[in-house]
Amino acid sequence: MFLFGYAVSTYLSALRIGLVTLLRGRWVEGAKQLIAPVGYWRLWPNAVILSQYRSKGPQRILDVSSPKLPSLILGKHAEIWATDLDDPQLLSRWKVTADSLGLERYHTQYENACGLSFPDAAFDLVYSISVIEHIPEHGDTQALAEFARVTKPGGTVIVEVPYRRQRQEISHHYDSKGAPLAAPRFYERYYDREWLDSRLQAPGLTREQCWILGEWLPIDPWIATPRLPRPLRLLILPFEPVLAMVNYWMRPDDSAGRPLAALIVFRRTN
């Protein structure tokens, strides 16, 4: 697969960021990055972001994603605006790491994806990995319309969301930070093909590519839940990118295997 080289580059860049951060005295942030360089579910989406960046070399990038590793990789040569709705790690971890790497054009700002404060046509590349599926009601469609608005004509928008063969809306007794709630609240939605087409569209955006991501062997049920003892889970974290390279597939359809996500690349046409 042509993305394999970008996946390897993402993995090596993540390790480099962890090592440099550690050597520059940010022990906690550097150790976190080395222990968990790239998540199992994030390797291929991050590779796509890197490939799109290198194909055109955009200079101004908006990160509406979780976590912020791609912004640290791209921040060496581009101006980055890293945003989140309310996560304190935006400042306590990601901005601290960017500063330790000497990324002078790395900006952080709290933003609502459904109502961004940036002007029209402000960015060459906008990406959102594992975010808009958590916005209730029609927030995912509203967010995509905002991504389109702030993207320059000819620019790129990349979105990843959970995908299953059967759609579903999930509610939990805890919020996005894990804090308990008195009653179940909407947490996220799983998209099917029809929802990908009906919900993830916006004026001015043309879909260029759509991949389904999934796995052959059911590793996800073990590493996405508390099934494993914590020491064993920590031992697995550094090797998740390797597991993704051999078990986590990416292709245009969901005809075989266990689908988990969909990744769409849009082009801003006007």
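Predicted model: local features only at pLDDT ≥ 70, side-chain atom pairs only at ≥ 80, totals over all residues.
Local features need pLDDT of at least 70 and side-chain atom pairs count only at pLDDT 80 or more, while totals for chains, interfaces and linings use all residues. Residues are numbered from 1 along each chain as its sequence is written, and side-chain values use heavy atoms, with hydrogens and water left out.

The chain has ten helices and ten strands. Both are DSSP runs numbered from the N terminus (helices: H or I, at least four residues; strands: E, at least two). The radius of gyration is 18 Å, close to the 18 Å that the globule rule gives for 270 residues, so the chain is as compact as a globular protein of that length. This radius is taken over C-alpha atoms, and the rule is 2.2 Å times the number of residues to the power 0.38. Along the principal axes, the C-alpha atoms fill a box of roughly 45 × 45 × 40 Å. Of the 270 residues, 53% count as buried. Buried means under 20% relative accessible area, exposed over 50%, and partly exposed in between (1.4 Å probe, protein chains only).

Helix α3 covers residues 43-56. At 1.5 Å a residue, its 14 residues should span 20 Å, and the end C-alpha atoms are 21 Å apart, which agrees. The expected span is 1.5 Å times one less than the number of residues. Eleven of the 14 residues of α3 are buried, so the helix is largely enclosed by the rest of the structure. Among the buried residues are Leu-43, Trp-44, Pro-45, Gln-52 and Tyr-53. Gly-57 follows the helix and has a positive phi, near 60 degrees.

Rolling a probe the size of a water molecule over the atoms shows where empty space is left. The search runs on a 1 Å grid over the protein atoms alone. A cavity is a set of points where a 1.4 Å probe fits but cannot get out; a pocket is an open set with protein on both sides within 12 Å along at least five of seven lines; lining residues have an atom within 4 Å of a point. Points are joined across faces, edges and corners, and a volume is the space filled by probe spheres set on the points.

The structure holds one cavity of 30 Å³ or more. The largest cavity contains about 40 Å³ of space. Its lining consists of Thr-10, Asn-46, Ile-49, Leu-50, Pro-70, Ile-73 and Leu-74. Ala, Val, Leu, Ile, Met, Phe, Trp, Tyr, Cys and Pro count as nonpolar; Asp, Glu, Lys and Arg count as charged; the others, Gly among them, count as polar.

The second largest pocket holds about 180 Å³ of space. Of its 13 lining residues, Gly-75, Lys-76, Leu-101, Gly-102 and Leu-103 are the closest to its centre. This lining divides into five nonpolar, three polar and five charged residues.

The model has 19 salt bridges. Each is a side-chain nitrogen of Lys or Arg within 4 Å of a carboxyl oxygen of Asp or Glu. Lys-95 and Asp-99 form one of them, at 2.7 Å from N to O. The two residues are four apart in helix α5 (residues 89-100), which means a separation of about one helical turn. Lys-95 is partly exposed at 21% relative accessibility, and Asp-99 is partly exposed at 44%.

Asp-140 pairs with Arg-199, with the closest N and O atoms 2.7 Å apart. Asp-140 lies in helix α6 (residues 139-150) and Arg-199 in helix α7 (residues 193-199), so the bridge ties together parts that are 59 residues apart in sequence. Both residues are buried.

Asp-220 forms a salt bridge with Arg-258, at 3.3 Å between the closest N and O atoms. Asp-220 lies in helix α8 (residues 220-223) and Arg-258 in strand β10 (residues 258-268), so this pair ties together parts 38 residues apart in sequence. Asp-220 is buried at 11% relative accessibility, whereas Arg-258 is partly exposed at 31%. Salt bridges that share partners join Asp-140, Glu-169, Arg-189 and Arg-199 into one network.
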